[in-house]
Amino acid sequence: REGILVTGPPPVQGETAPTDPDNDGLYEDLNGNGRLDYEDIELLFDNFDRDSVRLNEAAYDFNENGRLDFDDIVDLYEDVN
């Protein structure tokens, strides 16, 4: 059968796909190393306008307001602490 299998957002940068370590539907682990760390926040900030983020709004809407905005980066940062 023909079709498309969607397994999650494409890599934000490089070849490693982001992951959702806590299975909440949000892809906090942008660098794909299995955990949330400061590098993930950097990646989101640096790549916020890329299609890999913008076309996967639900995966990166960390403040859950229905859109992507700077507060999503702030909320992800607060999750690291």
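Keep in mind that the model is predicted.

Start with helix H1, residues 38-46. Which residues of H1 are buried? They are Asp40, Ile41, Leu43 and Leu44. These four cover an arc of only 160 degrees around the axis, so they sit on the same side of H1. Now look at the other side. There, Glu42, Phe45 and Asp46 are exposed.

What covers the buried residues of H1? The cover includes three helices: H2 (51-54), H3 (57-60) and H4 (70-80).

Let's take H4. Its axis lies 9 Å from the axis of H1, and the two helices pack at about 175 degrees. Angles over 145 degrees count as roughly antiparallel. H1 and H4 are therefore roughly antiparallel to each other.

Who touches whom? From H1 come Tyr38, Asp40, Ile41, Leu44 and Phe45. In H4 they meet Phe70, Asp72, Ile73, Leu76, Tyr77 and Val80. Sort that contact by class, and you get 9 nonpolar residues, 2 charged and no polar ones.

Last topic: the backbone. Asn23 is not a glycine, yet its phi is positive, about 55 degrees. Find Asn23 in the segment before H1. Is Asn23 buried or exposed? Its relative accessibility is 69%, so Asn23 counts as exposed.

Glu64 is another non-glycine residue with a positive phi, near 50 degrees. Look for Glu64 in the loop between H3 and H4. Glu64 has a relative accessible area of 63%, so this residue is exposed.

Key: Residues numbered from 1 in each chain as written. Predicted model: local features only at pLDDT ≥ 70, side-chain atom pairs only at ≥ 80, totals over all residues. Heavy atoms only, no water. Buried < 20%, exposed > 50% of the residue type's maximum accessible area, 1.4 Å probe, protein only. Arc of directions from axis to C-beta. Contact = heavy atoms within 4.5 Å. Axes fitted to C-alpha atoms, helices over the stretch in contact; angles between N-to-C directions. Parallel < 35°, antiparallel > 145°, perpendicular 65-115°, else oblique. Nonpolar A, V, L, I, M, F, W, Y, C, P; charged D, E, K, R; others polar.
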